[in-house]
Amino acid sequence: MTTPILMDVDTGIDDSLALLYLLANPEAEIVGITCTAGNVPARQVAINNLAWLDLCKAPEIEVALGSEVPVLAPLMTTEETHGPQGIGYAELPAPTRALSSRHAVEVWADAARSRPGEVVGLVTGPLTNLALALRIEPELPRLLKRLVIMGGAFNHPGNTTPTTEWNIAVDPESAKIVFDAFSGLPEDRRPIVCALDVTETIEMRPVHLSRLAETAGSTPVETVREEDADGQLSQTSNPIVRYLTDAVKFYLEFHVSHDQGFLAHMHDPFAAAIALHPELGTLRQATVDVELAGSLTRAQTVADWAGLWGREPNAAIVVDTDPAAFFDHLIELVGAFARKTYPPTS
Ligand code: BDR
Ligand code: CA
């Protein structure tokens with residue numbers, strides 16, 4: 001039994017690993033990848049996705065361009081977090097496969113309509129494409145099996161402003177449209193929200209990259225060190241491990257420069273794992289809304305845990321998980337996938 005998943009991404013270093021994880025996972029069937037502007041402009045996001053698919057020798061998967069700007073806010077991108085192309089220091093070969101001629105909103109609507117109640121939507125970027133797709137298919141919340149969102153910060157500081165998380169901060173109007181539209185669903189169909197509260201506990205460290213190389217049979221098994229020169233590239237033999245290491249090294253340096261330690265928060269791969277296995281997280285029901293007006297708090301996600309607003313819950317927020325178990329699962333799958341795609345020569 002596989003789970004059909006539609007990914008909407010702003011690839012992105014951690015979006016990249018989310019994609020590798022789903023490609024590696026025999027339980028996942030990626031039915032399409034829609035690209036949104038966020039970490040880098042949408043066209044660069046599309047190139048990154050196509051290039052990873054090529055590198056992974058993936059079967060044909062539709063990659064569609066979505067909105068190149070948020071619905072209202074001016075676009076902001078964050079090359080300082082994800083590198084000039086969005087994939088850190090990795091310089092993937094130019095993709096040979098082509099972008100779909102369809103727009104992301106058509107892909108969303110079509111995927112949900114063609115397999116009602118089956119497709120899981122996974123959004124690891126701003127919610128722009130989904131908000132726009134709701135205009136052409138308002139039944140999306142009832143047609144999808146479930147929606148999983150990486151976004152927001154609740155009882156936790158933001159990573160973009162003191163109270164806001166990046167994916168919501170880029171396009172707060174779209175986030176509100178989505179949370180409003182996905183209200184009124186039964187408990188087991190409510191969007192699952194992977195917010196910074198839990199995704200910042202998913203700390204990837206150099207040892208995880210070394211273990212990945214080992215599992216993939218990639219040599220030499222390297223250990224990225226904080227004192228290594230910025231931009232020093234991996235020499236390990238397996239191309240998937242090598243490019244991933246180059247991407248993640250940039251992310252490690254970004255986190256260290258923000259006093260978070262030599263680690264990288266793997267927000268999006270965690271959300272991808274939750275899309276397949278919601279039981280990996282402890283879920284708590286809440287009513288979620290998005291602040292659009294506050295002069296200091298615009299784009300803050302607010303959770304009413306106690307029903308004080310008198311509105312039904314519209315989200316299941318992940319409040320706890322086991323990060324070590326998640327990394328074991330990720331490394332086992334992606335390592336085996338890298339090994340199978342590029343078998344060691346000796
Ligand atoms: C989110 O913002 C992006 O920079 C990451 O890819 C992730 O989706 C974390 O706030
Ligand atoms: Ca992302």
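Predicted model: local features only at pLDDT ≥ 70, side-chain atom pairs only at ≥ 80, totals over all residues.
Figure 1. Asp 14 places a polar side-chain atom 2.5 Å from an oxygen atom of ligand 1. For Asn 159, a polar side-chain atom lies 2.8 Å from a ligand 1 oxygen. Asn 167 also takes part: an N or O atom of its side chain is 3.1 Å from an oxygen atom of ligand 1. Taken alone, ligand 1 exposes 280 Å², and the protein buries 97% of that.

**Figure 2. The shell around ligand 1.** The shell holds 13 residues. The closest are Asp 14, Asn 39, Asn 159, Glu 165 and Asp 268. By class, three residues are nonpolar, six are polar and four are charged. Helix H1 (13-24), helix H7 (166-170) and helix H12 (267-276) each supply at least two shell residues. Ligand 1 takes up the space of the largest pocket.

**Figure 3. Protein donors of the calcium ion (ligand 2).** Asp 10 (OD), Asp 268 (OD) and Thr 124 (O) are among the donors.

**Figure 4. The calcium site along the sequence.** The donor residues of ligand 2 follow the spacing D-x4-D-x108-T-x143-D. Asp 10 sits in the loop between strand S1 (3-9) and H1. Thr 124 sits in the loop between strand S4 (120-123) and helix H5 (128-136). The pair therefore ties together parts that are 114 residues apart in sequence.

Technical notes:
Residues numbered from 1 in each chain as written. Chains lettered and ligands numbered in written order. Heavy atoms only, no water. Near = heavy atom within 4 Å. Polar contact = N/O pair within 3.5 Å; in protein donor to acceptor, adjacent residues only side chain to side chain. Areas by Shrake-Rupley, 256 points an atom, 1.4 Å probe, with all protein chains shown as cover. 1 Å grid on protein atoms, 1.4 Å probe; cavity = no way out; pocket = protein on both sides within 12 Å on 5 of 7 lines; lining within 4 Å. Sits in = over half its atoms within 2 Å of the grid points. Helix = DSSP H or I, 4+ residues; strand = E, 2+ residues; numbered from the N terminus. Nonpolar A, V, L, I, M, F, W, Y, C, P; charged D, E, K, R; others polar. Donors = N, O, S within 2.8 Å, 3.2 Å for Na, K, Ca; no water.
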